[in-house]
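Colleague: I have the file open next to the sequence; could you walk me through a few places in it?

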Amino acid sequence: MVEIRPFRAIRYTEKAGDYENLIAQPYDKIDQNMQKEYHKKSDYNYCRLTLPIEENRYEISKQRISQWMNEGILKKDEEPAIFIYRQEFRLFGKTYTRTGFIAALRLHPYEENKVLPHEITLKGPKIDRLNMLRVTQKNLETGFLLYPDAEKITINLFAKIAKTHPLIDTLDSLGVRNRVWRLTDPEKIKLVQETVTDKQFVIADGHHRYETAIAYRDERRRQEEWTENSAFNFRMSYMVPIQDEGLIVLPTHRLLKKINLTDDTLQKFKKFFAVSEIDANPENLRSFLESHKKKHAFCLYDGKKAYGLLLKDEKTVSEFMDVAWSDEYRSLDVTILKNVIFEAIMKTGELKIDEDILYVRWIKNAMEKVDKGEAKLAFLVNSTTPETVLKIARKHERMPEKSTDFYPKMVSGFTMMDLSLGEKL
């Protein structure tokens, strides 16, 4: 049984200023330039908590939270609530709306089969966020999880709430409209709780943060007296129905930094793929991928020419797949790219992030990096569907890292959850 609860959120007051100057992208999406810009926007920008410029950033974050609360910049709600969070955005000429809710989600290790991962994680980010948790004793940012709602119970509830006046309505730095409603009605909260209680949740974004929260919970349990109501047994999470029409997954393209395309390699591709030359511009490459979504399509760009690759027959590449993998996993484009194109044909061996391989969201940016000499080759892929993510997770398999890019990211700065000593939910 999955349990979600309302919580007394720590939020900005009117004294802090306009939300447009306060909110920030998630800490792991902020580069140095963005970090500086956020710090310039306001003395109270949320980036000053999630990613301070100062070296002793964990202590600085803790001090700022305490100071801002003392000054009335931040204040904890008197009444527990869950928050309906809606993002409206444009992508490739279309407008989308994604709606979910923010609440406290009881933590469950993966082996309990209630919250499932879908992607491989890296060690470094978990150490950083564990240190931040230890020092601040706060959930500064949400995780992002998916749950099934085939009956559209929560979807319909959220649609009704979205017709009312929001608590927050602001644009973020990427032009996404963010609206938040605070829900305190016990009957409506109970409806949400009952809808999700028997569902399996799948982590969409924030594997590192979820795993860190589990580790932190276990630490706290060893260090102090606790009950099932202790706040650190929960994680502030953003949860979206998998049937939501605005649930968009973008592809993450791969760039090889050191390996050139040779005539010999191109001939090897032709054994498994139908290879065609394409006009080398972003829109043509995107159109090629879009028109062959169900055919295991890839694009290759070397700075001079672009090629479309269509897998001839899945059976011809079965020898490069682990027999223990499910059919769904073997059919993933990212699996074919990694095991067939990179390892079998190009003999890349293990690729190290930043040293051998780069991951890029947009086709245009990927091509520009090749043009500038930052990489030798760009391999462009189609996105994975949310339904496929759910199927893979339920089979207890994990996709290769950077297999999914749920867009847009949840903005940080709307809610914070207190995990301090004695805090109960």
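Modeller: Bear in mind that this is a predicted model. A place to begin is Asn113, which is partly exposed, with a relative accessible area of 32%.

Colleague: Where does Asn113 sit, and what is its phi?

Modeller: Asn113 is in the loop between β5 (94–106) and β6 (115–116), and its phi is near 65 degrees, a positive value in a residue other than glycine. Most residues other than glycine have a negative phi.

Colleague: And Lys152, what phi does that one have?

Modeller: The phi of Lys152 is positive, about 60 degrees, although the residue is not a glycine. Lys152 belongs to the loop between β8 (143–147) and α5 (153–161), and with 37% relative accessibility it counts as partly exposed.

Colleague: While we're on backbone geometry, which residues does a cis peptide bond join?

Modeller: The cis bond joins Tyr407 and Pro408, with omega at about -5 degrees, and Pro408 lies in the loop between β20 (405–407) and β21 (417–418). Most peptide bonds are trans.

Colleague: Changing topic to the sheet with β14 in it: what is the strand order?

Modeller: The order is β15-β17-β16-β19-β14-β18, an open sheet of six strands with antiparallel pairing. At the edges are β15 (273–278) and β18 (357–360), each of which pairs on one side only, and the twist from one strand to the next averages 25 degrees.

Colleague: How many bridges link β14 and β18?

Modeller: Strand β14 (residues 253–256) is paired with β18 over four bridges, in the antiparallel sense, and in this pairing His253 stands opposite Val360 of β18.

Colleague: Which strands do α9 and α12 lie across?

Modeller: Helix α9 lies across β15, β16 (297–301), β17 (306–311) and β19 (377–381), and runs at about 160 degrees to β16. Helix α12, for its part, lies across β14, β16, β18 and β19, running at about 170 degrees to β19.

Colleague: And at what angle do the axes of those two helices cross?

Modeller: The axes of α9 (residues 282–291) and α12 (residues 363–371) cross at roughly 125 degrees and come within 9 Å, which means that α9 is oblique to α12. The crossing in which α9 passes α12 is right-handed.

Colleague: Which residues meet there?

Modeller: From α9 there are Pro282, Leu285, Arg286 and Leu289, and they meet Ile363, Lys364 and Met367 of α12. Sorted by class, this contact of α9 with α12 has five nonpolar and two charged residues, and no polar ones.

Colleague: Next, the hairpin of β9 and β10: how many residues lie between the strands?

Modeller: Five residues lie between β9 and β10 in that hairpin, and Gly175 in the turn has a positive phi of about 85 degrees. The two strands pair in the antiparallel sense over four bridges, with Leu171 opposite Arg177 of β10.

Colleague: Which residues of β9 are on the covered face, and which on the uncovered one?

Modeller: In β9 (residues 168–171), Ile168 and Thr170 make up the covered face, while Asp169 and Leu171 make up the uncovered one. In a regular strand the side chains alternate between the two faces of the sheet.

Colleague: Is Arg179 buried or exposed?

Modeller: Arg179, which is part of strand β10 (residues 177–183), counts as buried because its relative accessibility is 11%, below the 20% cut-off.

Colleague: What about another arginine, Arg221: which residues is it in contact with?

Modeller: Leaving aside neighbours within four places in sequence, Arg221 is in contact with Trp226, Glu228, Phe232 and Asn233. Arg221 lies in helix α7 (residues 207–223) and is partly exposed, with a relative accessible area of 26%. The C-alpha atoms of Arg221 and Phe232 are separated by 8.9 Å, the two residues being 11 apart along the chain.

Colleague: Last one, Ser326: where is it, and is it buried or exposed?

Modeller: Ser326 is in the loop between β17 and α10 (327–330), and at 12% relative accessibility it counts as buried. Its contacts, apart from neighbours within four places in sequence, are Ile392, Lys395 and Glu397.

Terms used:
Residues are numbered from 1 along each chain as its sequence is written. This is a predicted model: local features need pLDDT of at least 70, side-chain atom pairs count only at pLDDT 80 or more; totals for chains, interfaces and linings use all residues. Side-chain values use heavy atoms; hydrogens and water are left out. Axes are lines fitted to C-alpha atoms, for helices over the stretch in contact, and angles run from 0 to 180 degrees between N-to-C directions. Angles under 35 degrees count as roughly parallel, over 145 as roughly antiparallel, 65 to 115 as roughly perpendicular and the rest as oblique. A crossing is left-handed if the near helix is turned anticlockwise from the far one by less than a right angle, and right-handed if clockwise. Contact means heavy atoms within 4.5 Å. Ala, Val, Leu, Ile, Met, Phe, Trp, Tyr, Cys and Pro count as nonpolar, Asp, Glu, Lys and Arg as charged, and the others, Gly among them, as polar. Two strands pair if DSSP finds at least two bridges between them. Buried means under 20% relative accessible area, exposed over 50%, partly exposed in between (1.4 Å probe, protein chains only).
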